[in-house]
Amino acid sequence: MSRNLTADLAADLRTRIVDGVIQPGEKLPSENTLIGEFGVSRTVVRSALTRLQAEGLVETERGRGSFALTPPTAGPASGQPRAVVTAEDRLHLLEFRIGVETEAAALAAGNRTERQLTALRQALADFTDSVEHPAHAMKADFEFHKAVAAASGNPFYTDCLASLGQTMIAMPRTRLMTGVEHYARDHFEQVVHEHGSIFAAIADSDGAAASAAMRNHLANSRRRLRAGRD
């Protein structure tokens, strides 16, 4: 019986996350709220959340609660990109992005138009302003990287990032740690600085610097993700 209750609760929460009722970065209802809403035990609630964690839909911080992550895309069998579910998947994706986006940034420095530079500047500003809103930060982060790809002038870079979707943006635990403000803010400000370096190099039409700045940013993202697993 408890297995059915667990499956029902997990299915309801999964639908809310996939349908966007609960946005990436938003906190899920508390255990007590779910117990009252569904009439189940605390064990059932925790089992359902564990199932969603395994699916890559939820990140749980001890003492703080559970937060929605970006829903993984469909698997490769359906013609869609490989699902990004585990931390290992995210590390592999970052390695792939290092190879793709460093060259896109170099091309953007040589090919960008003034309109594309304006779009990049706006994407950077939107990301900078999203410090208090993890869900908005993920979207703004993705928009910045898409703007770099668009500025490359090569539509295959744009198509590649669009096919990966927002799930390519890893949400390290520090973006959810609003209870540890100094640590979360330091992390966020470091990413803002890295984005700013990419933008500055592209604005200066310096392809080598743009490539190096993008590689540095994604390598740091990989390091932060690894640190978050420890």
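Trainee: What makes Thr43 and Ala54, on the other side of helix H3, count as exposed?

Mentor: Thr43 and Ala54 are called exposed because that word is kept for a relative accessible area over 50%, whereas under 20% is buried and anything in between is partly exposed, with a 1.4 Å probe and protein chains only. This is a predicted model, in which local features need pLDDT of at least 70 and side-chain atom pairs count only at pLDDT 80 or more, while totals for chains, interfaces and linings use all residues. Residues are numbered from 1 along each chain as its sequence is written, and side-chain values use heavy atoms, with hydrogens and water left out.

Trainee: Which residues of H3 are buried, and how do you know that they line one face?

Mentor: Val44, Val45, Ala48, Leu49 and Leu52 are the buried residues of H3. Seen down the helix axis, they fall within an arc of 130 degrees (taken from the directions from the axis to the C-beta atoms), so they line one face of H3. An α-helix has 3.6 residues a turn, so residues three or four places apart point the same way.

Trainee: How do you know that the span of H3 is close to what is expected?

Mentor: H3, residues 42–54, has 13 residues and reaches 18 Å from its first C-alpha to its last, close to the 18 Å expected at 1.5 Å a residue, the expected span being 1.5 Å times one less than the number of residues. After H3 comes Gly56, whose phi is positive, near 80 degrees.

Trainee: Why are strands E1 and E2 called a pair?

Mentor: Strand E1 (residues 58–61) and strand E2 (residues 65–68) are joined over 4 bridges in the antiparallel sense, and they count as paired because DSSP need find at least two bridges between two strands. Within this pair, Thr60 stands opposite Ser66 in E2. The two strands form a hairpin with 3 residues between them, and Gly63 in the turn has a positive phi of about 85 degrees.

Trainee: Why is Ser205 called partly exposed, and where is it found?

Mentor: Ser205 has a relative accessible area of 44%, so it is partly exposed. Ser205 is found in the loop between helix H8 (181–203) and helix H9 (207–229), and its phi is near 60 degrees, a positive value in a residue other than glycine.

Trainee: How many helices and strands does the protein chain have, and how much of the chain counts as buried?

Mentor: The protein chain has 9 helices and 2 strands, these being DSSP runs of at least four residues (H or I) and at least two (E). Of its 230 residues, 43% count as buried.
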